[in-house]
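Visitor: I have a model open and would like to go through it with you. Could we begin with the structure itself?

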Amino acid sequence: MRKGKIQDERILNQRRQIGNDAFQILFWALLLSILIQLYLFGAAFAQYAVEFILLLGISGYVIIRNIIAGNDLFESEYSQKQVVVKSLVTGLLVAAVNTMLNYIKFRIPLKGNVLNSLFILGITFLSVSVLVFAVLESIYLFNKKRQKQIESMLDKEDGDGQF
C-alpha cells in the first residue's frame, strides 16, 4: 500500500490549473522572445534557436499527448470549417505583418510598387494558408482517427460484458 495522503479533488484541480497557467505563460513568453529577437533586433537564428526548438517541442508534446489521450482538439461540430477559417486567418495575419515589416525594413513605398507589393502579399497569403491548412488538417484527421479507435474499443468492451 502507498503511504501517500489522500488529496482533495479541489486542491488537485487548483494545482493542475496553476501548472496549466504556468505552461501557457511559458509558451507565450517563448513565442514573444522569438518574435522580438527576430523582428526587433534582427538576430541570427543561432541566437534564438533554443527558444524555437523548445517552442516546437512543447507544442508537439501537447498535440501528441492530446491525440493519444483521445481528447478532441477541435471541440466544435464545425471543426472542418474551423480548419479552413484558421488557415485563412493565419495566412492573412502573416501576410499583413510581413508586408508591414518589409515596408519598415526596406522602406519600400507602397505607392510606387503597388503591383509588386500586392504580388508579394498574395504569394505570402497563399503559401502560409496552404501550409497551415495542411498542418491543421493532418492534426484534425489524426485526432478524429484516434477518437474513432477509442470509441470502438469502448464499444467492444461494453459489448463483451453483455449476455
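Visitor: Which are the buried residues of helix 1?

Guide: They are Leu30, Ile34 and Gln37. Buried means under 20% relative accessible area, exposed means over 50%, and partly exposed lies in between, with a 1.4 Å probe and protein chains only. This is a predicted model, in which local features need pLDDT of at least 70 and side-chain atom pairs count only at pLDDT 80 or more, while totals for chains, interfaces and linings use all residues. Residues are numbered from 1 along each chain as its sequence is written, and side-chain values use heavy atoms, with hydrogens and water left out.

Visitor: What do those buried residues pack against?

Guide: The buried residues of helix 1 pack against helix 2. Contact here means heavy atoms within 4.5 Å. Leu30 also belongs to a nonpolar core of six residues, which includes Ala43, Tyr48 and Ile58. Such a core is a set of buried Ala, Val, Leu, Ile, Met, Phe, Trp, Tyr and Cys residues joined through side-chain atoms within 4.5 Å.

Visitor: And Leu38, is it buried or partly exposed?

Guide: Leucine 38 lies in helix 1 and is partly exposed, with a relative accessible area of 29%. Leaving aside neighbours within four places in sequence, leucine 38 is in contact with Ala43 and Tyr48. The C-alpha atoms of leucine 38 and tyrosine 48 are separated by 8.0 Å, and the two are 10 residues apart along the chain.

Visitor: How many helices are there overall?

Guide: The protein has four helices and zero strands, giving the pattern α-α-α-α along the sequence. Helices (H or I, at least four residues) and strands (E, at least two) are DSSP runs, numbered from the N terminus.

Visitor: What span should helix 1 have?

Guide: At 1.5 Å a residue, its 32 residues should span 46 Å, and the end C-alpha atoms are 45 Å apart, which agrees. The expected span is 1.5 Å times one less than the number of residues.

Visitor: What comes just after helix 1?

Guide: Glycine 42 is found there, with a positive phi of about 65°. Phenylalanine 41 lies in the loop between helix 1 (9-40) and helix 2 (45-69).

Visitor: Is Phe41 buried or exposed?

Guide: Phenylalanine 41 counts as exposed because its relative accessibility is 62%. Together with Leu32, Ile36 and Leu40, Phe41 forms a nonpolar patch on the surface, with about 440 Å² of accessible area. Patches are made of residues with over 30% relative accessible area and no salt bridge; like charges are joined within 9 Å, and nonpolar side chains (Val, Leu, Ile, Met, Phe, Trp, Tyr) within 5 Å. Accessible areas come from the Shrake-Rupley method with a 1.4 Å probe, and for residues only the protein chains shown count as cover.

Visitor: Changing topic: which residues make up the largest nonpolar core?

Guide: That core holds eight residues: Ile67, Phe74, Val83, Val128, Val132, Leu136, Ile139 and Tyr140. Helix 4 (residues 114-160) supplies the largest share of this core, five residues. In soluble globular proteins, nonpolar side chains tend to be buried together.

Visitor: What is Val132 in contact with?

Guide: Apart from its neighbours within four places in sequence, valine 132 is in contact with Lys86, Ser87 and Thr90.

Visitor: How many salt bridges are there?

Guide: The count comes to two, where a salt bridge is a side-chain nitrogen of Lys or Arg within 4 Å of a carboxyl oxygen of Asp or Glu. One joins the side chains of arginine 10 and aspartate 8 (2.7 Å, N to O). Arginine 10 is exposed, at 62% relative accessible area, whereas aspartate 8 is partly exposed, at 30%.

Visitor: And where do the partners lysine 144 and aspartate 72 lie?

Guide: Lysine 144 lies in helix 4 and aspartate 72 in the loop between helix 2 and helix 3 (79-106), so the pair ties together parts that are 72 residues apart in sequence. Their side chains meet in a salt bridge (3.6 Å, N to O). Lysine 144 counts as partly exposed at 22% relative accessibility, and aspartate 72 counts as partly exposed at 26%.

Visitor: What else is lysine 144 in contact with?

Guide: Beyond its neighbours within four places in sequence, the contacts of lysine 144 are Asp72, Phe74 and Ser79.
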